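Please read the numbered points with the model in view.

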Amino acid sequence: MEKYLSQLNSAQLEPTVQIEGPMIVIAGAGSGKTRVLTYRIAYMMSQGIDAFNILALTFTNKAAREMKERIASIVGASEAKNLWMGTFHSVFARILRSEADKLGYPSNFTIYDTQDSDRLIASIIKEMNLDKDIYKYKQIRSRISSYKNSLITVRAYFQNPELIEADTMARRPRMGDIYKEYVERCFKAGAMDFDDLLLKTNELLTRFPDVLMKYQNRFRYILVDEYQDTNHSQYLIVRALSDKFQNICVVGDDAQSIYAFRGANINNILNFQKDYDDVKVFRLEQNYRSTKNIVNAANSIIDKNQTKLDKIVWTANDEGEKIKVNRSLTDADEGRFVANSIFENKMNNQLPNSDFAILYRTNAQSRSIEDALRKRDIPYRIYGGLSFYQRKEIKDVLSYLRLIINPADEEALKRIINFPPRGIGQTTVDKLIVAANGHNKTIFEVMKHLDKAEVNVNSGTKTKLQDFVTLIESYQVLNQTADVFELAEHVTRTSGLIREFKNDGTPEGVARMENIEELLNGMKDFVEGQKELADTTGSLAEFLEDVALATDLDADKGDSNHVALMTIHLAKGLEFPYVYIVGLEEDLFPSAMSMGTRSELEEERRLFYVALTRAEKQAYLTYALSRYRWGKLVDSEPSRFIEEIDDTYLDIITPKEERRFNPMLSADIFGDVEPNKIRYKPAKQVVLKKGNPKSEPEKFQISTPKNLKPVSKTHGNTNLFDSKLVVGNVVKHIRFGTGEVLKIEGSGADVKAEINFQHGGVKKLLLRFAKLEVV
Ligand code: ATP
Ligand code: MG
């Protein structure tokens with residue numbers, strides 16, 4: 001252990017060897033907070049503390065796994081195995097599993113993922129005959145989620161006139177009824193959604209003092225990483241569990257609190273010292289991750305926030321390169337810049353793809369980047385999309401398995417009752433739902449006793465329903481003896497799922513088959529792994545719980561060599577040698593939806609701080625002057641965050657893609673524009689700080705209605721950018737069809753026309769992209 005402790009600096013060593021009592025480590029990015037937690041656990045074990053008494057909560061399961069591996073390498077694998085480590089959700093799902101009966105749930109309860117929740121909410125909205133344009137299921141879901149994370153139960157909701165009024169003002173007076181119905185349906189289905197895993201844990205610990213005591217005694221030492229992003233529900237769980245022994249160690253950085261929109265409460269970290277007696281506070285100041293330029297630039301950014309704890313972050317690392325800022329004309333150009341830059345860096349420095357990450361504010365931005373990476377043959381992986389387990393065919397298989405162990409699971413049943421098609425139509429399913437609701441039974445129970453439930457279906461349908469029940473019951477019998485793999489293999493074959501996808505014959509069907517195969521392989525691994533450990537049961541329930549809580553970050557075994565694409569939110573805690581932060585434009589980042597109040601803007605700024613501090617060697621900031629958003633070309637301005645960085649750390653690079661407009665400069669390496677067709681003055685090198693580059697005066701002037709002249713047609717598409725378009729012209733656009741020019745404004749590269757299209761209405765288009773043809 002001594003050897004390992006010497007890998008810490010003295011400021012890190014102090015909290016590492018301080019085992020008893022409440023303590024908090026507040027420190028900036030890259031200063032070793034996670035390292036301290038990891039080494040601290042190893043140290044505790046080396047001091048004789050039983051691994052069973054330690055609970056460590058991390059932000060992702062991947063982080064927990066990596067931490068555990070590191071600890072295993074220090075204290076040995078057999079010891080580390082007994083540590084309780086994971087996300088709040090995975091740890092407390094496990095606890096709920098063994099205490100479920102106290103709350104009236106089956107121990108095999110299902111975990112509904114967001115897709116299941118969405119479907120159930122949509123179905124409730126439909127059953128209640130509400131307008132789905134006003135009652136948008138996603139909004140309703142996030143509302144319910146925020147109630148749950150603030151511990152506002154249905155009863156508490158109806159007792160709170162302010163909440164009711166707020167929803168009524170938002171034109172959703174039935175919100176409370178939906179919430180009530182949703183909660184009841186989940187309960188009846190023996191299902192908990194993600195937020196329930198925390199809410200029900202709180203209920204368990206509050207209502208059952210003996211249970212609370214059991215886990216307080218068990219988890220004598222509690223550690224929490226990324227404490228700044230805990231929500232109220234998580235906060236209460238940690239408080240309750242640590243209340244007896246007060247051996248609680250949290251680490252975090254208020255400057256990296258970025259989940260307020262999901263209920264995270266920055267006050268949890270700010271008030272920690274008030275919550276416990278004699279809190280020891282530790283600060284770390286030395287950053288080991290990044291170059292001086294990156295650390296200093298990040299400091300200069302976060303300095304702009306008013307709400308913050310004062311912190312010092314410095315590094316002994318090299319000065320490094322300045323942060324490169326690149327401006328592009330369009331989002332497509334931005335993608336090309338990033339792809340080319342990665343390619344060059346890879347070639348010049350012989351680097352693996354995994355050294356690079358591209359971070360963006362919203363998932364939608366990945367498309368243009370992906371296109372460019374593909375063209376350059378750079379392997380990449382997008383994180384945070386649909387996880388493997390949420391793919392259609394996988395969910396189909398999993399739904400069978402879910403139904404086997406929990407026949408009450410309504411969403412699983414609805415999904416597969418007629419898939420593969422077995423002649424049970426939607427009308428029949430609707431009748432079953434009505435009967436189930438009316439008799440307070442589950443749909444499966446209704447199906448077992450069709451006559452008792454007074455479901456009015458013809459005898460043919462009745463047989464089909466009974467056959468389905470028999471099929472599921474036969475699987476339940478098999479589940480008594482078979483392992484997860486054997487069961488799933490049998491189910492996919494005999495249910496007709498495999499046949500269904502095979503018969504499909506399309507490439508999509510083939511891909512689906514491959515995914516199912518992959519799922520079965522994963523199950524085989526799971527079963528083997530369980531056999532090796534020999535101390536767990538390896539049950540189907542456990543497997544389903546694992547996959548319900550898996551994110552695609554967890555699926556990453558770290559062995560593949562690809563560029564990582566993800567949102568900044570997902571990148572928290574991670575690090576990469578080269579980081580590209582793209583789409584640094586006003587309204588995108590900071591997001592248009594988050595500029596209303598100072599606190600929202602400050603959260604955006606923290607997000608930018610998180611993004612920048614992921615970089616070890618080199619950071620790139622890129623923005624485009626226009627980009628497609630919601631199917632429209634929108635002009636944009638560089639993000640204020642670029643301006644906020646101290647000049648000394650920036651290197652504004654020549655926007656390469658603008659060179660292509662000048663045939664005198666380098667040959668067009670991008671290949672999709674023929675330079676000699678376009679007459680465009682080369683863009684000047686613009687120093688960002690001197691104002692908006694778009695407002696640079698341009699000599700090019702579009703005609704006014706006075707110098708009316710017919711537009712010459714060349715090669716079909718006339719490039720109107722260097723022609724004379726006037727008000728009243730009728731033009732044709734590839735997507736919008738024909739339309740009349742109403743107005744022309746702007747100058748130079750910014751000339752826009754307002755056009756009234758026959759199909760599509762009035763649009764404002766930048767002429768240099770619009771590719772209009774005069775008709
Ligand atoms: P974040 O706020 O981003 O979560 P953090 O404070 O948790 O960052 P770590 O991830 O623990 O920081 O550490 C950042 C990097 O610095 C890691 O690669 C880590 O291994 C390394 N590091 C931390 N402390 C030391 C040290 N004393 N000596 C060498 N490397 C260190
Ligand atoms: Mg960390």
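**Notes on the predicted model**

1. His232 is a residue of helix α14, which spans residues 232-242. The model under discussion is a predicted one. His232 counts as partly exposed, because it has 19 C-beta neighbours inside 10 Å, and a residue needs 20 or more to be called buried. Leaving aside residues up to four places away in sequence, His232 touches Asn149, Ser150, Leu151, Gly263 and Asn265. Val183 stands 49 residues from His232 along the chain, and the C-alpha atoms of the two are separated by 20 Å.

2. The protein chain contains 34 helices and 23 strands. Of its 775 residues, 42% are buried. Where contacts join residues at least 6 apart in sequence, 72% of them link residues at least 24 apart.

3. Strand β16 deserves attention. Strand β11 (residues 323-330) pairs with β16 in the parallel sense over 6 bridges, and Lys324 stands opposite Tyr620 of β16. β15 also pairs with β16 in the parallel sense, over 5 bridges; here Val579 is opposite Ala619 in β16.

4. The pairing of β16 with β17 (residues 632-635) is antiparallel and has 4 bridges. Arg627 has Val634 of β17 as its bridge partner. β16 and β17 form a hairpin with 2 residues between the strands, and Trp630 in this hairpin has a positive phi near 50°. For a strand of regular form, the side chains alternate between the two faces of the sheet.

5. Which strands are at the edges of the open sheet that contains β22 and β23? The sheet consists of 5 strands in the order β22-β21-β20-β19-β23, with antiparallel pairing. Its edge strands are β22 (761-766) and β23 (773-774), each of which pairs on one side only. Between β21 (residues 752-757) and β22 there are 6 bridges, and these two strands run antiparallel. Lys752 has Leu766 in β22 as its bridge partner.

6. Two helices that meet are α17 (residues 292-302) and α31 (residues 598-612): their axes come within 9 Å and cross at roughly 175°. This crossing angle makes α17 roughly antiparallel to α31, because angles over 145 degrees are counted in that way. On the α17 side, the contact involves Ile294, Ala297, Ala298, Ile301 and Ile302, and they meet Arg605, Phe608, Tyr609 and Leu612 of α31. The residues of this contact comprise 8 nonpolar, no polar and 1 charged.

7. Helix α19 (residues 366-375) has as its buried residues Ser366, Ser368, Ile369, Ala372 and Leu373. Viewed down the axis of α19, these residues fall within an arc of 165°, so they line one face of the helix.

8. Most residues other than glycine have a negative phi, and most peptide bonds are trans. Asp377 belongs to the loop between α19 and β13 and is exposed, with 8 other C-beta atoms within 10 Å. Gln350, another residue that is not a glycine, has a positive phi of about 55°. Gln350 is placed in the loop between α18 and β12. With 7 other C-beta atoms within 10 Å, Gln350 is exposed.

9. Where are the cis peptide bonds that end at Pro420 and Pro590? The bond from Phe419 to Pro420 is cis, with omega near -5°, and Pro420 is in the loop between α21 (410-416) and α22 (426-439). The bond that joins Phe589 and Pro590 is cis too, with omega about 10°. Pro590 lies in the loop between β15 (576-581) and α31.

Definitions and conventions
Residues numbered from 1 in each chain as written. Chains lettered and ligands numbered in written order. Predicted model: local features only at pLDDT ≥ 70, side-chain atom pairs only at ≥ 80, totals over all residues. Axes fitted to C-alpha atoms, helices over the stretch in contact; angles between N-to-C directions. Parallel < 35°, antiparallel > 145°, perpendicular 65-115°, else oblique. Contact = placed C-beta atoms within 7 Å. Nonpolar A, V, L, I, M, F, W, Y, C, P; charged D, E, K, R; others polar. Pairing = 2+ DSSP bridges. Buried ≥ 20, exposed ≤ 12 C-beta atoms within 10 Å, placed from the backbone. Arc of directions from axis to C-beta.
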